[in-house]
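Good morning, and thank you for making time for this presentation.

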Amino acid sequence: MKFAGGVALQEYDAARVKTWLLWSGRILSAFGVLICLSSVFAKLTHDLGYVREWERLGYSESILTGVGLVQLSGIVLYLIPSTSVLGTVVMTGYLGGAISSWVRLGEPTPMMVPLSTCLLLWAGLYLREERLQSLLPLPKKTGALG
């Protein structure tokens with residue numbers, strides 16, 4: 001399978017890496033989306049435990065449904081390939097607000113959930129979206145030491 005100085009082998013390896021990146025991105029994205037959907041579900045059903053935490057953060061239960069629909073809209077944008085970057089930006093803003101709410105209360109541990117969710121969404125998008133990879137390329141090793 002090694003032709004013309006290894007060109008066919010390099011193309012095969014590049015295709016395997018591309019497939020691996022795509023599926024890794026899909027898996028990370030799925031985790032981020034599932035976390036967000038569980039939050040949307042709790043908001044839209046006015047889960048009692050969620051309502052208690054929501055009010056402890058200083059928000060009224062009356063806005064819970066609207067905020068849940070905004071979050072759901074961001075997830076829908078994220079899942080549509082042509083609007084996935086916009087969806088990620090919307091979700092970053094939304095999750096940033098969640099982080100600021102926890103920081104305002106002086107409780108840094110719960111803020112790890114929105115932070116890690118945001119990182120999952122961005123990492124998943126980055127791995128499955130070639131436009132982002134070309135816009136924000138990761139440094140590549142060159143040479144034996146480098």
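This is a predicted model: local features need pLDDT of at least 70, side-chain atom pairs count only at pLDDT 80 or more; totals for chains, interfaces and linings use all residues.

I begin with His46, which counts as partly exposed at 24% relative accessibility. On the scale used here, buried means under 20% relative accessible area, exposed means over 50%, and partly exposed lies in between, with a 1.4 Å probe and protein chains only. His46 sits in the loop between α1 and α2, the latter covering residues 48–56. Although His46 is not a glycine, its phi is positive, at about 55°. Most residues other than glycine have a negative phi.

Residues are numbered from 1 along each chain as its sequence is written, and side-chain values use heavy atoms, with hydrogens and water left out.

**Overall composition**

The protein has 6 helices and 0 strands, and from the N terminus its elements run α-α-α-α-α-α. Here helices (H or I, at least four residues) and strands (E, at least two) are DSSP runs, numbered from the N terminus. Of the 146 residues, 27% count as buried. The protein exposes about 9,400 Å², of which carbon and sulfur atoms supply 71%; the areas come from the Shrake-Rupley method with a 1.4 Å probe, and for residues only the protein chains shown count as cover. Among contacts (heavy atoms within 4.5 Å) between residues at least 6 apart in sequence, 59% join residues at least 24 apart.

Let me turn to Ser24, in helix α1, residues 7–45. Ser24 is buried, with a relative accessible area of 17%. Its side chain reaches the backbone oxygen of Trp20 at 2.8 Å. A polar contact here is a pair of N or O atoms within 3.5 Å; within protein, one must be able to donate a hydrogen and the other to accept it, and residues adjacent in sequence count only if both atoms are side-chain atoms.

At the start of α2, a side-chain oxygen of Asp47 comes to within 3.3 Å of the backbone nitrogen of Gly49. Within α2 lies Val51, which counts as buried at 7% relative accessibility. Just after α2, Gly58 takes a positive phi of about 100°.

**Helix α4**

How far apart are the end C-alpha atoms of α4, residues 84–104? They are 30 Å apart, which agrees with the 30 Å that its 21 residues should span at 1.5 Å a residue. The expected span is 1.5 Å times one less than the number of residues.

The buried residues of α4 are Ser84, Gly87, Thr88, Met91, Tyr94, Leu95, Ile99, Ser101 and Trp102. Seen down the helix axis, these buried residues fall within an arc of 150°, so they line one face of α4; the arc is that of the directions from the helix axis to the C-beta atoms. The face turned away from the buried side carries the exposed residues Gly93 and Arg104.

Ser101, in α4, is buried with a relative accessible area of 3%. Ser101 touches Leu57 and Tyr59, not counting residues up to four places away in sequence. Just after α4, Gly106 has a positive phi of about 75°.

**Helix α5 and the cysteines**

Helix α5, residues 112–128, has 17 residues and reaches 24 Å from its first C-alpha to its last, close to the 24 Å expected at 1.5 Å a residue. Its buried residues are Pro114, Thr117, Cys118, Leu121, Gly124, Leu125 and Tyr126.

How many disulfides does the structure hold? The count is 0, a disulfide being a pair of cysteine sulfur atoms within 2.5 Å. The sulfur of Cys36 is 8.8 Å from the closest cysteine sulfur, in Cys118, and that is too far for a bond. Cys36 is buried, with a relative accessible area of 1%, and Cys118 is buried as well, at 13%.

That concludes my presentation.
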